[in-house]
Every structure is written in structure tokens, then in C-alpha cells.
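Open the model in your viewer and keep the sequence panel beside it. The stops below go from a helix pair to the spaces inside and on the protein.

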Amino acid sequence: MSAIETFDLTKHYRQGDALVKALDGVSLRIESGEFVAVVGRSGSGKTTMLDLVGLLLRPTAGSVHIDGQDTGALGDSQRADLRAAKIGFIFQEYNLMPTMSALENVMLPLRYNRAKRSGGKERALQLLREVDLEARSRHRPTQLSGGEQQRVAVARALINEPRIILGDEPTGNLDTQLADGLMQVLRRTNRDHGVTVVIVTHDVDLAGKTDRIIRLKDGVVIEDAPVDAPAREIQEPAPA
């Protein structure tokens, strides 16, 4: 069973009299356990696609299936329950609560998922251990470096034991060394936990560390290839 499937996924916006086609009929399948990068320039539709797949937005047309379930007919509370149960998010800006410790931040999603609350603290400490932050568990975000905050965000994304992790430019604020470290954490998560990982990035070199690259341009998929494809197939096209 595929972890994610989209069928003619479309999202259009009105800006004054203009119709903006943020995503325009995208159909794709991402299997369980895949590590996928979605790449494209600003305005290509990659973040819109991630938000639609993560059930943060509703499509104008088309549908999203999560673990074989058509999400189109779900109400808002049902979509929220499905997100809490199966999807973990990593945001570029981390979105950590400044008044909470690293441990409390990791445990925060448990407030919205009663089924996972039992043993939550022990699981959160284990996740912080896995990202080498157990010794910093009592520190607040302002006492952590950017790389440490991002690793807390990764641990938080895993606390509900999701089937899918979605990352929106998860290394965008990190230097090369920290970005490589985060990718190693995501790869280990993908390998050891069997979690499907989908990241949005404009960094083709970073995307090359995943298993598959989906390239968007003007809201449509223009390329979908494994990373071992010839280099010419995964290079960003030159400006017209």
C-alpha cells in the first residue's frame, strides 16, 4: 500500500482578477519507506503540494490518499485526527514553543493524540537521545543552537510514531555541516523506523541525498527520477 497517493491534485488561488495555479493536476505515488525530495524554484508549487499532502490545505480539485484512505470526504476534525496519528511535520522555522523545554516541545503533539500519550515522556527522552540531545532536554529554545533546535523539531515530528514525515525546507536555516547532520538524522529515521520521509527543498545537492527527486515547475511535475539517474536529469534548468 502506498503511503501517499495524489490524483489530479490541484490548488488555484484568486489574486484580484488573476487565477494563480499553485498546483495544477499532480498525480503521483510515494511508497511506504521511501525518502523523497520535492524540488523546484520559488513559486513552483512545492510547498503547496506539501501542505495539501499534509492535510493543512484542501485542494481545489483532485484528491489525496494517505495509506489508501481517500481524505477528500473527511471533515476538519477527522483530518486533524489523521494528521496527529500518521503525519509528523518539520518546519524551516522550527516552530518551537519558547517557554517550553526541549523535552516539553517534543511532547507537545501528544496533547492532540490521546492514543500515544502513554509512555510519552520516556519516548520523548529516547528520541532526544537518538538526536544526541538528551543532555539538553531541560533547555529552552533560546538556550539551544539552530542545529539543536532543528533536531528537537525532528524528535517532535517522531513523537507520535508517524508513518510519514513532511519537511518544508528543513535545512533552510542551517549551514552545510548542520544540514548534512540533519539529513543523516532523517536518513536514520527513515531506515530504522521505516518512516516515509518527504522533504521540500530548493537545494539540488541536498535532494541528491534522498532516494528520489520529484521536480515541480509552474505547479506541474516535470521530472520524477531516482537519484542515481544521470546528473543531467537532476540539475536545475537554466533560466529561460
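Select α5 (146–158) and α6 (residues 176–193); helices are DSSP runs of H or I with at least four residues, strands are runs of E with at least two, and both are numbered from the N terminus. Their axes come within 10 Å and cross at roughly 15°, so α5 and α6 are roughly parallel to each other. Axes here are lines fitted to C-alpha atoms, for helices over the stretch in contact, with angles from 0 to 180 degrees between N-to-C directions; under 35 degrees counts as roughly parallel, over 145 as roughly antiparallel, 65 to 115 as roughly perpendicular and the rest as oblique.

This is a predicted model, in which local features need pLDDT of at least 70 and side-chain atom pairs count only at pLDDT 80 or more, while totals for chains, interfaces and linings use all residues. Residues are numbered from 1 along each chain as its sequence is written, and side-chain values use heavy atoms, with hydrogens and water left out.

Now show side chains on the two helices. Gly-147, Gln-150, Val-154 and Leu-158 of α5 meet Leu-178, Leu-182, Val-185, Leu-186 and Thr-189 of α6, contact meaning heavy atoms within 4.5 Å. Six of the contact residues are nonpolar, three are polar and none is charged (nonpolar: Ala, Val, Leu, Ile, Met, Phe, Trp, Tyr, Cys and Pro; charged: Asp, Glu, Lys and Arg; polar: the others, Gly among them).

Next, select Glu-130, Val-131, Leu-158, Val-185, Arg-188, Thr-189 and His-193, which line the largest cavity. On a 1 Å grid over the protein atoms alone, a cavity is a set of points where a 1.4 Å probe fits but cannot get out, a pocket is an open set with protein on both sides within 12 Å along at least five of seven lines, and lining residues have an atom within 4 Å of a point. The volume of the largest cavity is about 40 Å³, a volume being the space filled by probe spheres set on the points, which are joined across faces, edges and corners. α6 gives the largest share of this lining, four residues.

For the second largest cavity, select Ile-4, Leu-28, Ile-30, Met-49, Leu-50, Val-53 and Val-198. About 30 Å³ of space lies there. The lining has seven nonpolar residues, no polar and no charged, and its largest share, three residues, comes from α1.

Finish at the largest pocket, with about 500 Å³ of space. Of its 19 lining residues, Ala-84, Ile-87, Phe-89, Pro-109 and Tyr-112 lie nearest the centre. α2 (76–86), β6 (87–91) and α5 each supply at least two lining residues.
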